[in-house]
Amino acid sequence: MPRKVSTTNNLLSIADISRHFSLPESTTRYYCKRFADFIPSVGEGRRRRYRHETLDVIATILDEMHKSRTAAAVEEVLHVRFPQNTVAIPHSSPTMTTNLPQATTSFIPVSALQLIERQTLALESIAQILHTMVLRFNPEPFADSSVSQLRNDIEKLRILLDSSEKTQQADLEQLRSWMTKIIRCNKSQSAM
């Protein structure tokens, strides 16, 4: 059951959100990074704070994840229920880039953004297949050593999947950072 969070100026930290939902901070941090396009925040790095509306987004994420949905499926639900942040990277619609400053669209090609999205979908498909394999796995036809080896292989695949998703998330954060700097630079040049 969510707890009441006392906040100053309605801005929340990762710890506040974690306490509200009784989640580990690492899980909250992952959700805030993975679904950053829908999480309203202020500041950067350790000074980043989240607006109160974040609680509604995280509640939806948790609800959808408990329905055994993939991150891509959760993202589709978020697209329907919540607006995207204004500095968010467009996912797969080339027409959306026309709203961005010209320097931004030439700096990061749409094809690169589409490639990242396809990689994310592929990784989520692999995760779903691994999950299905674990649920349907019947160890009886195999010798104990074979079962043990298969379990070790599946665990290695899970670790690789987690590692690649973290790397991809870091790449997306870097792209967002660059886009923010370009937009700020264009605004300051336009003001001159």
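Helix 3 has as its buried residues Thr54, Leu55, Val57, Ile58, Thr60, Ile61, Leu62 and Glu64, where buried means under 20% relative accessible area, exposed means over 50% and partly exposed lies in between, with a 1.4 Å probe and protein chains only. The model is a predicted one, in which local features need pLDDT of at least 70, side-chain atom pairs count only at pLDDT 80 or more, and totals for chains, interfaces and linings use all residues. Residues are numbered from 1 along each chain as its sequence is written, and side-chain values use heavy atoms, with hydrogens and water left out.

The protein has 7 helices and 3 strands; helices (H or I, at least four residues) and strands (E, at least two) are DSSP runs, numbered from the N terminus. From that terminus on, the elements follow the order β-α-α-β-β-α-α-α-α-α. Of the 192 residues, 34% count as buried. Among contacts with a separation of 6 or more, 59% are between residues 24 or more positions apart, contact being defined as heavy atoms within 4.5 Å.

Helix 3 comprises residues 54–66. Its 13 residues should span 18 Å at 1.5 Å a residue, and the end C-alpha atoms are 18 Å apart, which agrees; the expected span is 1.5 Å times one less than the number of residues. The buried residues of this helix pack against strand 1, helix 1 (14–21), helix 2 (25–34), strand 3 and helix 4 (71–81).

After helix 1 comes Ser22, which has a positive phi, near 55°.

The strands form an open sheet of 3 in the order 1-3-2, with antiparallel pairing. Strand 1 (11–12) and strand 2 (41–42) are the edge strands, each pairing on one side only. Two strands pair if DSSP finds at least two bridges between them. Strand 1 and strand 3 (residues 49–51) run antiparallel and are joined by 2 bridges. Leu11 stands opposite Arg51 in strand 3.

Attention now turns to the aromatic residues. The structure holds 2 aromatic pairs. Rings of Phe, Tyr and Trp (its six-membered ring) pair if their centres lie within 6.5 Å; planes under 30 degrees apart count as stacked, over 60 as edge-to-face and the rest as tilted. Tyr30 and Tyr31 make a tilted pair, at 5.8 Å centre to centre and with 55° between the planes. The rings of Tyr31 and Phe35 have their centres 6.4 Å apart and their planes at 40°, so this pair is also tilted. Tyr30 is partly exposed, with a relative accessible area of 30%, whereas Tyr31 counts as buried at 10% and Phe35 counts as buried at 0%.

Tyr31 is found in helix 2. Not counting residues up to four places away in sequence, Tyr31 touches Ala36, Ile58, Ile61, Leu62 and Met65. Ile58, Ile61 and Leu62 are among the buried residues of helix 3. The C-alpha atoms of Tyr31 and Ala71 are separated by 9.6 Å, although these residues are 40 residues apart along the chain.

Phe82 lies in the loop between helix 4 and helix 5 (102–107). With a relative accessible area of 17%, Phe82 is buried. Leaving aside neighbours within four places in sequence, Phe82 is in contact with Phe38, Asp56, Val57 and Thr60. Phe82 and Asp37 are 45 residues apart in sequence and 9.6 Å apart in space, C-alpha to C-alpha.

The largest pocket holds about 1,300 Å³ of space. On a 1 Å grid over the protein atoms alone, a pocket is an open set of points where a 1.4 Å probe fits, with protein on both sides within 12 Å along at least five of seven lines, and lining residues have an atom within 4 Å of a point. Grid points are joined across faces, edges and corners, and the volume is the space filled by probe spheres set on the points. Of the 41 lining residues, Ala36, Ser41, Gly43, Arg48 and Glu173 are the closest to the pocket centre. Helix 2, strand 2, strand 3, helix 3 and helix 7 (144–191) each supply at least two residues of the lining. Helix 7 gives the largest share, 11 residues.
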